[in-house]
Each structure stands twice: as C-alpha cells, then as structure tokens.
Amino acid sequence: MDTSYIVKFIYSGEAATVPLLHNWSFVDLCNSIRSRFPDLIQGNFMLSESVVSNTVCEDSSTMLEENDYLGCYRAEAPKSYMTKGWESYIHSEGQKFEGGVVEFRDKLRKYAIEIGFSYEFVRNDKVRVIAQCSKKHSQGCNWLVKAHLCRDNGFFMIKRLVNVHTCHGVIRLQKSKMMGSKVVKSIVLDKIRANPNKKPIDIADEIKSDYGLDVPYRLYPVAYAIVDSENESNWRFFLEVLAEEFTKHPMRRVTFISDRHVGLVSAFPRVFPNNPHGFCFRHLMANLSDKFPAGSYLKDQIPYLFMCCAYSRTPEMYEFNMEILRSEGGDIVA
Ligand SMILES: [Zn+2]
C-alpha cells in the first residue's frame, strides 16, 4: 500500500490540502498550490514549513505581508480538528471497506469535507459506486474514484482512484456542501450514545469546535414514546412527561400542532390548559376527505373548498369561501 503524505496550506483564512506525490518536484508543488489559491501570483509567495507555535509565524506581521506568507496569517496556533483523520479515509486503489457500500459512502463524504471538494455520483448503487469531482464538467477536473462490491466477502473495494484535483479551489470550508444530514447524523449518533441528555444546541456547538464545521440547519430534539395503542391515557402519560421536562427548562410559551386525534384532543387541555393548540392543515384535509366515500365527487371537492377557506386573504373572502363549503358539505362539514 502506498504511503500518502498530505500537505496542508493556509492562506487568507482558508486551508487547502494537497496530496504530496513522490515524483513531484518543487515546481509541481508550487503549481498545485497556485491551482488551489488562484489569486496567488507566481514568484510572489514564499513556501515555508510551519510548525505549531513557530515564533517566526507568530511574528509574521512585522516581517512579511500577510498575504505573501502561507500559513502565518493568524497569531494563534493552528487548531487541529477531530476531522483530521478524515483526510486518510480514501487513499489508494485496493483499499477495502469491510462495512460495504455504507462505510464507503460515509468515508467518501467525510474525506471530501476534510480535503475540501464536492463530488457527484456517476453511479451509486449497492454493487458499484463511481464518483467524480463536481468540477469535472466546469473545469475538467480528473479526480475520480471507482469502487465495487466483492461478492465473496461483502467488502467494498476501490478499483480505481485518481486522487489529484486539477480544478481550482479545493479548500476546506466551514460550510461544506457535503456537510449534509448523513454526516451530521453519524456524528450526532456517537454524541448521543455517549451522553443521551446532551442538548441539540450543545451538540451543534461541539461539532463546530471539534470538527470546525457548521451544521447548516438547526437540530431539534424529538420526544417519543412506545405505547400499546394511541388512546387518551397514553397521550396523557406522554404529555405529562413532556410537561415535566418543560418545567425543568423554562422557555417561551409553546404552541402545539397536532393531527387532532381524539385521545390527544381530550388529554391536551388537562395537561396544557394554557397553551394554544392548533391542528395540522394537511391532517384536517385528510380527515374531511375520509368522511366521503371513495370515488365520490365531494371526496376531492370538499377538501379543495376547505383549502380555499384556509388560504383566504381577507375576512370577506374567508366568509365567502366558508359559505360555499357549508352549502356543499352540509351536515358532514358542519
Ligand atoms: Zn476537483
């Protein structure tokens, strides 16, 4: 197996990693850096080794122009994130993934985040995955990986890997396009297993500080209960546990939206007498539709008229639409 070295460069607040190929000359390396940072002008930057707490670096503002010196733009020691290991997740042809396609896809995603590029699948199924750099079309980038299932043992194996980007801007970003819910899920799962009481806000903060990555959306806690049936006493039990949690964490008044289940409608005011309780529009539409036999004209018409009421922009329009709904739906709607 090839030992691969990866060199990290930092310039203007962005970091880029370049795989160091054994047959590269110094000029090759410089050209590779220039392709990552297109605004660098050849002959106008200095290549230097950077070690943590290097005094030359820390004092760079007096010695060198910030933009002329790679790796020394900030005074604090470079932070090492927990994603550091991700850059070696994809390294060579013949590399095996014992967890099959699931492990391969997970590692590919994390590798791309850490190296700083995005990819698209040419093929993506349980037997074969082919991915290419997303700048294949715009810049003709050659980066490519092909992996397939080994039927004998269920492993996934890299059959072909062109692990050099010829595109511009392979830069590790805090807001990575590849930082989707799957990566977040795999990180969150580990954190919740370690501490089931951890709050979503703390998890998002930790992902930022441990991995240097932003979660591109908010994380919400989900409360659930497994019960024998959906009835009033079970709903009441669930709401009471929920209410107890709320008293531990005082917050703004919470509005509830439900599917209007009978058990919930009667349990709700007993546990949360002062909280507003609304009903989900889609569920109300479905409930209305259920009141009419399949294939009947009104089965579609009544939900439509109801939608017109809900989307009325003025009180006059609302009254007008309600009148039509009442006259068409009769007792069933009332
Ligand atoms: Zn590329």
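A112 is buried, with a relative accessible area of 0%, where buried means under 20%, exposed means over 50% and partly exposed lies in between, computed with a 1.4 Å probe on protein chains only. This residue, A112, belongs to helix α4; helices are DSSP runs of H or I with at least four residues, strands are runs of E with at least two, and both are numbered from the N terminus. The C-alpha atom of A112 is separated by 9.4 Å from that of M179, which stands 67 residues apart from A112 along the chain.

The model is predicted, so that local features need pLDDT of at least 70 and side-chain atom pairs count only at pLDDT 80 or more, whereas totals for chains, interfaces and linings use all residues. Residues are numbered from 1 along each chain as its sequence is written, and side-chain values use heavy atoms, with hydrogens and water left out.

**The zinc site**

The zinc ion has as its protein donors C133 (SG), C141 (SG), H165 (ND1) and C167 (SG), which lie 2.2 to 2.3 Å from the ion; donors are N, O and S atoms within 2.8 Å of the metal (3.2 Å for Na, K and Ca), and sites may look incomplete because water is not among the atoms. Along the chain these donors follow the spacing C-x7-C-x23-H-x1-C. The arrangement is tetrahedral because the 4 donor atoms subtend angles of 102 to 114° around the zinc ion, the criterion for four donors being that all angles lie between 85 and 135 degrees.

| Cysteine | Relative accessible area | Class |
|---|---|---|
| C133 | 2% | buried |
| C141 | 0% | buried |
| C167 | 1% | buried |
| C280 | 23% | partly exposed |

A disulfide is a covalent bond between the sulfur atoms of two cysteines. The structure holds 0 disulfides, a disulfide being counted as a pair of cysteine sulfur atoms within 2.5 Å.

N142 sits in the loop between α5 (136–139) and β6 (144–149), and N142 counts as partly exposed at 41% relative accessibility.

**Enclosed space**

The structure holds 2 cavities of 30 Å³ or more. On a 1 Å grid over the protein atoms alone, a cavity is a set of points where a 1.4 Å probe fits but cannot get out, a pocket is an open set with protein on both sides within 12 Å along at least five of seven lines, and lining residues have an atom within 4 Å of a point.

The second largest cavity has a volume of about 60 Å³, a volume being the space filled by probe spheres set on grid points that are joined across faces, edges and corners. The elements that give two or more residues to the lining of this second largest cavity are β2 (14–20) and α4 (100–115), and β2 gives the most, with 3 residues. Its lining comprises 10 residues, and T17, P19, Y111, I115 and H165 lie nearest the centre; H165 is also a donor of the zinc ion.

**The largest pocket**

The largest pocket contains about 2000 Å³ of space. Its lining is made up of 43 residues, with P200, Y220, P221, V222 and A223 the closest to the centre. The elements that give two or more residues to the lining of this largest pocket are α6 (181–194), α7 (200–211), α8 (232–248), β8 (256–258) and α9 (262–271), with the largest share, 8 residues, coming from α8.

Between β8 and α9 lies the loop that holds R260. R260 has a positive phi of about 70° although it is not a glycine, and R260 is partly exposed, with a relative accessible area of 46%.

Methods
Tetrahedral: all angles 85-135°; square planar, octahedral: opposite > 155°, others 65-115°.
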